[in-house]
Amino acid sequence: MFRGIALAVAAALCLVVVPVAAQEKSAVRQDFELASNSGKKILVFHPSVRVGSQSTGGIFEPNAEWTDRARTNIQAALEKYQKQLGNAVITAPEAYGEDARNLEEHMQLFGAVSQAVIEYQFFVGNRLPTKKRDNKANIFDWSLGASVADLPGAKDADYALFIYNKDAFGSTGRKVLQILAAVGPGIAVKSGEHQGFAGLVDLRTGNLLWLNADGQMGGDPREVDGSEKRVRQLLEDFPGSNLDKDADK
Amino acid sequence: MRRAGAMVAGALAAVLAGPAMAEVAPPPPPYVGAYQPQGVDEIGLWREFDESERRLAASELVIRDEKLNAYVRHVLCDTVGTDRCKAVRVYIMREPTFNANMSSNGTMRVFSGLLLRMRSEAELGAILGHEFGHYEQRHGLKLFKARRTGTDLLAWSALLASMAPSYNVRRSYADVQLSVYGNLFRYSRDNEREADRLGVGYLNTSKLRPQAASAVWQNLMAEIEASSRSKGLSKPRFNAIAFTASHPPEGERALTMAALADPDGASRDDGADRYREAMAHWLPIFLDDQIKLNDFGASDYLIQSLAASGWTAPLWFARGELYRLRGQQRDLVNAAEFYESAIRLDTALADAHRGLGLSLIKTGRPTDGQAALRKYLELKPEASDAAMIRMMLTKEGVTN
């Protein structure tokens, strides 16, 4: 009854081969345009960053030091590139009490909405019945609702940027397994997992303006260079972006 | 022949009596003080739990009633001692199931469904002590490492098995897989047993009555039985261990805890009155959540066992709601009776008048029903459903 059930399920799942994640995908809301150098203020909420390794059997092994380093690097890279795009990045103020609860609700909501976009609009075929028509007509219409205007710091900014990163670097054991599985029975074992998604939300209407999701991101966020590559990839289809797409390929 | 029979009987008796023969739980080991995680794995896990606690602290599910929080913390400190309880942050969650858990970084989550089911401070202390035992023994880290070792082994054996794909190899791979998973689940159950032992150990050295630990599981078994009975299911088995069970069976836990409890502690106070008093404000809310789980047998069992120390207006009201929401004609007659009992004890209980009115209207007594509904509106004119209730008053041709 107490603790453990989730762990057991996770244990059972970790051997299921993760389907080779689909290509990166991004979308911009049809009625949204952002000219480069428009000097918008972008509020960034506590980015979700998790860095660790992948055990031989495929379990995620969190690493606190890597996570801390990646968080700092990503923040710095983000400021650098948004400056290049002509936008200013504002770090969201630390929230307390009611504000913190409201923010947490919206962080969860953003997570749920972007997962729905990724699952039902971007990648697989199981379309939501209510979104079938949108998908055919290439309409990107998702919203968090106007309540985002009350989020802490929202008054001083135009948009909110949510960022999610999860990196699991293949351990030595995993890499050896990968090679032996390839040369032996010829089985493809995936070593490492690098997911990222970023979304831009209009702080007045709550509309999701842009979302970029990638199941196989490049760049090692533990390093300064790598984080810059990562953020460049996350932002490469950002509206008004002049970041060179080919530089990373 | 006869000897073999005697041996089987002896072995069986040993198995059955095994847990009951456990010795009284030893007092807890000396406390090491503020513990900090060590090594990449533990520091990494703690960081994950710190992040999740960050979200938890801002969650809408957390009950922030200062008095209730202080009380639960007080029971924890009474059980494990003031030095140990400093390491813990307690979060009471509005979640009507019987559960509590503890993360490696000292985050304790106590579900409201647990608070509803406890009868005394000692029972609550037994659970909180159990959870603290997981923390003190660093079970989270140990289980993580066990899972990693097990799945690593499986990855290698899957590779080897696929190099020689024959029926026998595949079969032995399946055996390895079963034994690895079986071992992991057994490992988890053994951790639970260790935490149980520690939990009773804390209680033994506290001021509270350690025998309460066993009562928790006896009550739970009775509730599960009541639930299955009302669903028409067969009688649950409380001594069987399922392959994938993360915890020992309830029967075993009840027996073991009874044996672990220090007999000298049997005469101690279990704090039942204090517990009832502390929960009084929240009881109707927790009962309401429980009723909405739509588990008639379990809810009725809980209400009746709460009423063992005397029926109160909130208990009669909860029983009325339970019956009215199931909503058979016979239930409505009973519900009306329960609401009336609630009103007899507390005429100002507005929702009881509402429930009574709605039940009476459906059982063919519209005039009495409308009178009750009018009383409801009189007591609670700002009720969120006032407009709808008013419609019910005029529809039947009776105006107010």
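**Exercise 1. A helix pair in chain B**

At roughly what angle do the axes of helix α7 (residues 139-163) of chain B and helix α8 (residues 167-205) of chain B cross? Work out how the two helices run relative to each other, and list the residues that meet.

*Solution.* Keep in mind as you go that this is a predicted model.

Step 1. Two packed helices are described by the angle between their axes and the distance between the axes. For α7 and α8 of chain B, the axes come within 10 Å and cross at roughly 175°.

Step 2. Angles over 145 degrees count as roughly antiparallel. The helices α7(B) and α8(B) are therefore roughly antiparallel to each other.

Step 3. Now look at the contact. From α7(B), the residues taking part include B:His139, B:Leu143, B:Arg147, B:Gly150, B:Leu154 and B:Ala161. From α8(B), the partners include B:Val169, B:Tyr173, B:Val176, B:Tyr181, B:Leu184, B:Asn191 and B:Glu194.

Step 4. Sort the contact residues by class: 14 are nonpolar, six are polar and three are charged.

**Exercise 2. An enclosed helix**

Which residues of α13(B) are buried, and what do they pack against?

*Solution.* Step 1. The buried residues of α13(B) are B:Phe296, B:Gly297, B:Ala298, B:Ser299, B:Asp300, B:Leu302, B:Ile303, B:Ser305 and B:Leu306.

Step 1. Because nine of the eleven residues of α13(B) are buried, this helix is largely enclosed by the rest of the structure.

Step 2. Look for the neighbours: the buried residues of α13(B) pack against α5 (112-117), α9, α12 and α14 (313-326) of chain B.

**Exercise 3. The fold of chain A**

Describe the order of elements in chain A and the share of its contacts that link residues 24 or more positions apart.

*Solution.* Step 1. Count the elements: chain A has six helices and eight strands. Read from the N terminus, they run α-β-β-β-β-α-β-α-α-β-α-β-β-α.

Step 1. Of the 249 residues in chain A, 52% are buried.

Step 2. Take the contacts in chain A with a separation of 6 or more. Residues 24 or more positions apart account for 73% of these.

**Exercise 4. Where the chains meet**

How many residues of chain A are in contact with chain B, and how many salt bridges cross the interface?

*Solution.* Step 1. Contacts join 39 residues of chain A to 47 residues of chain B.

Step 1. About 3,600 Å² is buried between the two chains, and carbon and sulfur atoms give 63% of that area.

Step 2. Four salt bridges are found across the interface of chain A and chain B.

**Exercise 5. Salt bridges within the chains**

*Solution.* Step 1. Over all chains, the structure holds 36 salt bridges.

Step 1. A:Lys80 lies in helix α2 (residues 64-84) of chain A and A:Glu228 in helix α6 (residues 224-235) of chain A, so the pair ties together parts that are 148 residues apart in sequence. A:Lys80 is partly exposed at 37% relative accessible area, whereas A:Glu228, at 19%, counts as buried.

Step 2. A:Arg222 is buried at 15% relative accessible area, and A:Asp220 is buried at 19%.

Step 3. B:Lys235 is in the loop between α9 (212-231) and α10 (250-260) of chain B, and B:Glu225 is in helix α9 of chain B. B:Lys235 is exposed, with 61% relative accessible area, while B:Glu225 is partly exposed, with 24%.

Methods
Residues numbered from 1 in each chain as written. Chains lettered and ligands numbered in written order. Predicted model: local features only at pLDDT ≥ 70, side-chain atom pairs only at ≥ 80, totals over all residues. Heavy atoms only, no water. Axes fitted to C-alpha atoms, helices over the stretch in contact; angles between N-to-C directions. Helix = DSSP H or I, 4+ residues; strand = E, 2+ residues; numbered from the N terminus. Parallel < 35°, antiparallel > 145°, perpendicular 65-115°, else oblique. Contact = heavy atoms within 4.5 Å. Nonpolar A, V, L, I, M, F, W, Y, C, P; charged D, E, K, R; others polar. Buried area = accessible area lost by both parts, 1.4 Å probe. Salt bridge = Lys/Arg side-chain N within 4 Å of Asp/Glu carboxyl O. Buried < 20%, exposed > 50% of the residue type's maximum accessible area, 1.4 Å probe, protein only.
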